[in-house]
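Here are a few notes to read alongside the model. Have a look at it first, then go through the points in order.

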Amino acid sequence: MSALELLTWARGDGLAIALAICAFGILLRLFEIFSLGRKADLSRPRETSPGSGWRTIFSRSLPPPGLLKRSPVTYIGGYVFHIGFALTLFFFVPHIELVRGLTGLSWPGLPMQVVDIAAVAAILALFAVLASRLTNPVKRYLSGFQDYLAWLLTLLPLLTGYLAFHHVVADYTLMLALHVLSVELLLVALPFTKLFHTVSVFVSRWYNGDIFGRKGVAS
Amino acid sequence: MSATYERGMNAFKEVLDAPIASFFSSCVHCGLCAEACLFYTETGDPQYTPIHKLEPLRRAWQQEYTLLGKLARLTGLAKPVTDAELAEWSPLVYDSCTLCGRCSVVCPVGNDITYMVRKMREGMSAAGHAPEGLVMATTRAIQSGSPAGVKWVTVQAQIKHVEAEFGFKVPVNLENADYLVLMSSWEILNYPEYLGAVGRILNKAGATWTLAEDAYEATNSGIQIGASDLARELVGRIVNAAERLKVKCVISPECGHAYTAIRWEGPNLMGRPFGFEVKHILEVLDDLRREGRLKLKGTLDTPLTYHDPCQISRRGGVYEQPRTLLNQLAPQFKEMSDSGVMNWCCGGGGGVSANERAEPLRMTVFKKKKAQIEELGVKTMVTACANCRVVMEEALEHYHMDVEMLGLTELVAEHLDES
Amino acid sequence: MPSINSDDEPWRGNALPLLNEIRHALEQLLSSGETTVIDLGALPMGPQDEAELLAALGTGEVDATINAGGPSSVRETAFHGVWLVTHRNELDEIVARFVEVAFVPELLMSQPEDVADSIAALAKNLGVEQNIRK
Amino acid sequence: MASNGPTIAEVLRQQGISRRGFLKFCATTASLMALPPSMVPAIAAALENARRPSVIWLSFQECTGCTESLTRSHSPSIEGLILDQVSLDYHHTLQAASGTAAEAAREAAMRENAGKYLLVVDGSIPLGNAGYSTIAGISNLDMLKETAAGAAAVIAVGTCAAYGGIPAALPNPTGAVPVSAIIKDKPVLNVPGCPPIPVVITGVLAHFLTFGGLPELDALGRPKAFYGESIHDRCYRRPFYDQGKFAETFDDEGARKGWCLFKLGCKGPVTYNACATTKWNQGVSFPIQSGHGCLGCSEPGFWDAGPFYKALSMPIGPVKAAVGAAAAAGVAAGVAVALRNRSAKKGAQAAHQKVTVDDLEQKK
């Protein structure tokens with residue numbers, strides 16, 4: 001199988017299989033979560049409250065007072081990674097074309113140099129948070145195989161994408177094929193690992209904001 | 001009957017709900033909850049990472065309520081939680097968590113870890129892994145009416161004392177009163193001034209109020225130990241009294257978890273919304289002030305600060321009222337670092353103060369509050385929770401610190417304009 | 001063919017790096033006498049690139065034509081020592097194009113083999129016995 | 001390579017070409033072979049002694065586009081000059097002889113130059129039914145095996161010979177395979193392209209003439225000198241890609257301004273060929289310069305690598321159907337798990353035994 005044939009498989013059946021597993025998994029997981037139900041809260045909510053589920057979905061993206069100082073690597077690394085990853089994912093023109101191909105939606109992209117910087121920043125941030133995971137006593141204590149697997153699965157698309165873009169290590173076609181395949185691995189793993197937080201974070205933040213908001217606290 | 005492992009695991013299955021499933025699904029092991037938890041910050045021991053305290057509950061969820069977890073268990077890839085593990089987790093779930101909720105406001109994915117610890121304790125207590133101190137306190141609460149064993153006769157003695165000192169009659173079992181006044185064991189035993197203070201304030205405001213012979217105790221060990229059946233029985237006494245006496249509002253005293261128990265958990269434990277209101281005493285004071293029914297004179301001119309009880313402010317939403325009152329009463333009122341909803345716990349909430357096993361750890365983690373007080377340099381600290389007050393008074397003595405503790409209600413009563 | 005670049009677009013193609021390469025080659029020529037030949041056919045050149053490069057190099061003092069297997073033009077550009085060598089076939093189609101940085105391009109010089117042929121030819125014309133070539 | 005006969009330098013000299021002309025020839029040959037100009041002396045030295053080789057050209061399942069491409073090269077230019085140097089002993093489209101005479105010429109060339117001749121093949125070989133493609137009653141497979149046996153090397157010209165090409169496109173009715181699938185014991189050099197750039201064909205011949213062997217090849221058997229870099233990397237429109245400026249349709253402002261054709265399906269990034277520098281039609285232009293994206297015609301599998309007008313990053317599989325089916329399956333499985341979860345939870349609630357203060361400790 002040549003690199004182009006591998007790429008063709010990755011763009012074709014590979015992508016279809018990965019997206020299918022991802023869609024299947026996300027729906028299954030959401031059913032698993034919501035099927036457990038939530039009892040209606042009978043306590044009288046505060047009449048006015050600065051907090052709510054919707055507010056917390058957004059506000060939890062900001063560090064609470066004092067925490068940035070206590071865990072700078074987690075926060076700054078987290079921001080740089082997530083922003084860099086999002087810029088790379090959503091504003092690299094070939095990626096927009098992928099979304100257009102899937103959904104018909106499209107929007108303007110960013111110049112390649114900007115995306116390049118974002119990708120490098122995201123990769124560096126991933127290594128910084130890995131170093132932190134290996135050295136910080138809490139993270140090290142909490143981490144298991146899945147945490148390192150999720151890290152690797154996140155790194156691979158960025159790394160292969162970067163290498164493909166810069167035509168290093170292997171020729172572009174092979175790298176591009178590996179890039180698409182690594183994304184497919186990520187998609188397959190997403191519903192069944194902690195990577196599912198990309199979906200469930202909106203649910204968990206909403207519940208949190210709702211629980212606190214009822215009591216008059218903006219959480 | 002007996003607590004059993006099976007009853008514990010069954011309780012896990014009962015309490016697991018959609019919020020918990022979403023929380024476990026979202027956790028990325030970032031470790032930030034540890035940085036918000038004084039049991040970690042003051043010990044540096046990663047086993048006190050809040051999310052880690054829930055590991056048995058998480059495994060139970062995964063193996064019971066997720067397809068992959070179930071498959072892993074059927075194929076032997078995942079091992080079920082054992083009774084020994086539950087025993088191992090008991091100190092983590094009871095001794096090193098005060099249900100303060102700080103981790104819950106910090107978690108970047110929005111996990112309400114406190115919500116989960118509260119639920120996990122249902123299984124832990126059903127499996128017989130609650131600490132002895134809490135078991136005894138709960139037993140006393142159910143059997144004698146108060147976790148400290150305080151009986152109605154003790155309250156009656158205090159009533160006599162208050163009537164003699166202030167010259168007003170303390171109403172008991174009065175129907176159709178505006179307020180049903182509750183107390184915590186601590187107020188009955190350690191801070192008798194509370195009843196006098198509340199009486200004077202309500203009388204001055206022209207409000208009618210009463211005590212109830214069968215519902216004087218506001219605390220609820222059932223909530224702390226995590227046994228909803230017992231918590232329901234305890235809160236039911238108050239609800240029955242309030243309904244029988246047809247009061248308009250039940251006042252939760254200066255006690256953190258009592259407020260949570262009656263105000264937020266109460267209706268859910270009883271399975272019905274209440275026909276009366278439930279307010280913390282600070283809310284009542286602030287309402288009266290706003291209505292012009294609480295007039296104050298004079299000020300306390302010493303530098304002082306306010307300790308936010310976790311259940312009152314972060315998990316209760318009462319954080320503006322004490323500040324309005326203190327700004328009026330104390331010109332030298334200074335805020336502590338991380339005040340309001342980001343406050344640090346005294347170290348004795350959530351049943352930890354009733355758990356002798358946890359006492360050395362409780363003293364260690366008080367270093368946080370100690371550092372905050374020292375940073376501010378004040379010698380007076382006001383609070384609105386008798387449990388916080390007792391815990392901190394003990395710890396202040398332990399660390400030989402010359403800091404005076406005051407109840408806010410008592411401070412308000414002292415500056416009541418009685419003209 | 002579509003118009004490739006509108007006037008308001010700054011062209012950011014390959015002319016600029018090439019001009020820099022030529023500058024370094026000139027420095028090398030002066031310091032060590034080493035010549036450099038750049039094959040323009042090996043570079044990705046858009047129509048605009050080529051026009052820009054030729055405009056930037058300009059026209060110099062020497063303009064020679066070699067007639068061997070088609071005409072080849074050897075022109076010095078406005079920069080001394082920078083030569084533009086264009087090979088054409090008999091149909092006058094360009095088959096290769098080089099920038100040569102040298103004091104004199106290699107191809108302008110008469111080749112020893114041809115000189116030897118010339119001696120033989122001249123000797124033959126003059127009827128002289130020659131013994132240079134075997 | 002014929003061991004007798006004059007060397008190439010001698011032939012040129014006999015044609016009255018001067019040493020200066022010979023050097024010009026060497027310089028253009030170097031350019032042709034994408035070799036650096038510093039290689040010219042080495043080429044000159046090699047050509048001094050090179051002798052004309054015998055070439056046998058076999059055409060199988062092909063469209064004759066490759067031959068068209070070759071004969072439309074810059075004749076009678078430098079490639080013409082090179083072609084003059086080879087002895088094209090068999091090429092059934094170009095040769096005058098036909099029928100038995102033609103086959104006799106092939107057999108004679110094979111005999112006389114055994115082990116030394118070059119075999120050039122265009123077209124793929126059907127493995128399905130021998131009758132799909134025959135010459136003089138001989139199946140393509142037999143003829144290839146027979147002719148390759150005595151060849152010094154085999155040059156597979158065009159994407160069909162190199163990788164199977166259009167005849168091998170799904171569902172590949174004839175079972176078409178490339179030369180390299182059959183000839184395993186000889187060096188096989190691929191000159192893919194549909195058609196290949198003529199100067200690449202002549203460049204390879206020139207290299208064979210000059211150095212007596214095949215040039216350095218990449219993993220797909222292509223000469224690195226021509227196929228070492230992608231169209232995208234050598235494209236003069238590359239700066240627009242980097243700036244994020246793309247033509248959205250073939251007649252929009254971006255297209256008129258010559259912006260990048262990536263969104264219109266250009267396969268330049270995954271196509272390794274020399275079009276962007278060597279260009280076509282005497283160096284006039286190449287597809288991208290003419291406003292159309294690269295089809296990727298020199299890559300194995302290009303014929304089945306998705307629509308030509310879909311951007312390279314677009315999905316090409318049955319994604320929507322698969323996701324739709326998976327979503328339905330996800331909902332079905334989700335509902336099943338949800339029902340089970342609910343009954344498990346209900347069961348746990350039913351099994352709840354009221355906790356009393358006597359139940360707070362495990363009694364042994």
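1. A quick word on terms: helices (H or I, at least four residues) and strands (E, at least two) are DSSP runs, numbered from the N terminus. With that in hand, the elements of chain C run α-β-α-β-β-β-β-α from the N terminus on. That makes three helices and five strands for chain C.

2. Keep in mind that this is a predicted model, where local features need pLDDT of at least 70 and side-chain atom pairs count only at pLDDT 80 or more, while totals for chains, interfaces and linings use all residues. Residues are numbered from 1 along each chain as its sequence is written, and chains are lettered from A in the order in which they are written.

3. Chain C has 134 residues, and 30% of them are buried (20 or more other C-beta atoms within 10 Å of a residue's own, with C-beta atoms placed from the backbone).

4. Who touches whom? Two residues are in contact if their C-beta atoms, placed from the backbone, lie within 7 Å. Four pairs of chains are in contact, and chains A and B share the most contacts. Chains A and C don't touch, with their nearest C-alpha atoms 14 Å apart. Chains B and C have no contact either, and their closest C-alpha atoms lie 45 Å apart.

5. Chain C does meet chain D: 35 residues from chain C and 34 residues from chain D take part in the contact. On the chain D side, α2(D) gives the most, with nine residues.

Key:
Buried ≥ 20, exposed ≤ 12 C-beta atoms within 10 Å, placed from the backbone.
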